[in-house]
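Subject: Handover of a structure and its findings

Dear colleague,

I am passing on to you the structure shown below. Please look through it before reading the notes that come after it.

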Amino acid sequence: MATSDLVLENAQPQLSWRGRLAEKRLPWIPIAVLLVLLACAAFAHWLAPHDPTSLNVINSKLAPFESREHLLGTDVLGRDMLSRLIYGARTTVQISVTALALGAVIGTVIGLVSGYWGSWADAVLMRITDAALGFPTILLALVVVVIMNPGPPAIILAVLLTVWARFARMIRGDVLTVKGYDFVTLARITGVKAPIILWRHIFPNVANTLMVITSLMVGQIILLEAALSFLGLGLSPGAPAWGIMVAEGQEVILDVWWLSLFPGVAITVVVLAFNFFGDWLRDYLDPKLRRAR
Amino acid sequence: MAAVASPTAAEGVNGDGALVRLEGIRRHFPVYRGNLLRRRTGTVKAVDGISINIMPGQTYSLVGESGCGKTTTSRMLLMADEPTDGSIYFDSRPMAQFSGAERRNFRASVQAVFQDPWSSLNPRMRVDQIISEPLITHQRLSRSAVRSQVQELLQVVGLHPFHAERYPHEFSGGQRQRIAIARALSTRPKLIVLDEPVSALDVSIRAQILNLLKELQSSYELSYLLIAHNLATVRYMSHTVGVMYLGKIVEEAPPIELFTDPQHPYTKALISASLPAHPRQQREEIVLTGEVPSPLNPPGGCAFHPRCPFVMERCSTDLPVMREHQPGHATACHLYD
């Protein structure tokens, strides 16, 4: 037996748990940011020094660090910025993350089904996707709000209705590529059932795309939520949400610059954290990149 | 559409004892034009009346240019496609009438190894997951039983048990093809379709893989349907060779017969186009002119007549039938009528 093309070395040496953790190269900073975000969302009522909606006109427009009571200052109506930021994290997690997660799941399932089965299922699903992509988001949100009442569920639904289609379209394209690989044909020849082929062969190979779209969408959704709220279609004005805070602050940005700056920075940092985390996750899920280091 | 009843059926060769019998198989693909108002504008006759027998423990090879229908034929045998006409018998049972259980059984007893070992192994699965996939699909086995089977299969194809926990990208082309072979062997199949199993590999690795396949054939009583265009590979591996041209078999013979005494002009041209083993070897040279006609609009009569150096008047009108001129050597050509 010719063994010239065999690699004669033994399997990976066993590492301690610390070694294994180090080998994973976890992105600590993005993880920390996301943990802070989650903590703020979960424990806003304990972490926030003030009620984010209580007015205090005497102390309005306090600059950051001007008063010890209000570390990041106050807005035009004297509401504490820090508290509003912390409660804003809760809104972001509730609305953006929920809508994104639901959209990703629904869009991925539709993309997988559409791409894998093809024929009429593909035609029907993709025309629906086209319709969803072609429909103006704001108009769609208006309709949703008219049917439901303004509030978090309405925004989640409105965002969801536009987001799923992007996932579905991108995932379907990837599925079409992966479907053409021989390992899928071989699995079919072997008699592997379609749901198992989708789960074991197709999905892991389109997960990259899923990660990329998700991390790109986080920012867009936070901004979309802001836009909807700004138009009065989402959260009530004055509600502690980053998008609303940026929108409110822009009217007086030359006078009280911190109103837009802090929530803007929060959005940027969170979006970046999601992007870096998504990048790491994509590399981690790819066996080629995981062991090559 | 010329609907001539299976003209390539080799006379005198009966399908007794054959593991697989293809009888007058056709696969025609409709061609449409336009998007909204689709009109059928023609038919591609990818496979047009093929009859072959694959005997247990033997290798049947299909050779021919690209696009002559070799792969389409194998896809129908693998139940990845259905013939437009004709029937395939597996163990003397027509595949079109398989019950659910028979179908599952068939899926376990027929496996395939494809040309490109980079596309045929899922990059996201470990080697043990790849190899055990057919096993898990067809048998209820404990985790440890699967493990030991995978280890055994890896050794059978010349890899090491510790390779089980690696990912495909960690292997070379030859090793990947060994993994693909181990996967195909896992359910102890009766037939393996080898679609160009070595043409993507380095020349130095080819012989290793071919020898491995030969060893496996004798130790497991395997039948192979080998698809290749490298004639040396075919000569080394086969018990019977079928030469295909435009969806039809034009000559069928054991390899030694075929290479020493080719009868059909297309076979002669094919052999003279391949490099001789010795540079000073004297051979009959046939250089073909023109190109393979489109299967969308094949020439009438013998499909080869526009390129044939020995073309006669009747070639453009009469379809030649497969005739056995010597035992086991059949040709479809008017030169031998």
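Predicted model: local features only at pLDDT ≥ 70, side-chain atom pairs only at ≥ 80, totals over all residues.

Helix packing in chain A

Helix 7 of chain A, which covers residues 152-179, packs against helix 4 of chain A, residues 81-117. The axes of these two helices lie 5 Å apart, and the angle between them is about 35°. Their crossing is right-handed. The residues of this contact comprise 21 nonpolar, 8 polar and 2 charged.

Helix 7 of chain A also meets helix 6 of chain A, which spans residues 137-147. Here the axes come within 9 Å and cross at roughly 140°. The two helices are therefore oblique to each other, and helix 6 of chain A passes helix 7 of chain A in a right-handed crossing. On the side of helix 6, the residues involved are A:Thr137, A:Leu140, A:Ala141, A:Val144 and A:Val145. They meet A:Ala154, A:Leu157, A:Ala158, A:Leu161 and A:Thr162 of helix 7.

A histidine in chain B

B:His305 is found in the loop that runs between helix 9 (265-273) and strand 11 (323-326) of chain B. Is this residue, B:His305, buried or exposed? Its relative accessible area is 17%, under the 20% limit, and B:His305 is therefore buried. Leaving aside residues up to four places away in sequence, B:His305 touches B:Pro299, B:Gly300, B:Val311, B:Cys315 and B:Ser316. B:His169 is 136 residues from B:His305 in sequence, and the C-alpha atoms of the two are 47 Å apart.

The sheet in chain B

Chain B contains an open sheet of 8 strands with mixed pairing, in the order 6-7-8-3-9-10-12-11. Strand 6 (110-113) and strand 11 stand at the edges with a single partner strand each, so one side of each has no neighbour in the sheet. From one strand to the next, the twist averages 25°.

B:Glu324 stands opposite B:Ala330 of strand 12. Helix 2 of chain B, residues 100-109, packs on the sheet and touches strand 6 and strand 7 (191-195). The direction of helix 2 makes about 35° with that of strand 6 of chain B.

With kind regards

Conventions: Residues numbered from 1 in each chain as written. Chains lettered and ligands numbered in written order. Heavy atoms only, no water. Axes fitted to C-alpha atoms, helices over the stretch in contact; angles between N-to-C directions. Helix = DSSP H or I, 4+ residues; strand = E, 2+ residues; numbered from the N terminus. Left-handed = near helix turned anticlockwise from the far one by under 90°. Nonpolar A, V, L, I, M, F, W, Y, C, P; charged D, E, K, R; others polar. Parallel < 35°, antiparallel > 145°, perpendicular 65-115°, else oblique. Contact = heavy atoms within 4.5 Å. Buried < 20%, exposed > 50% of the residue type's maximum accessible area, 1.4 Å probe, protein only. Pairing = 2+ DSSP bridges.
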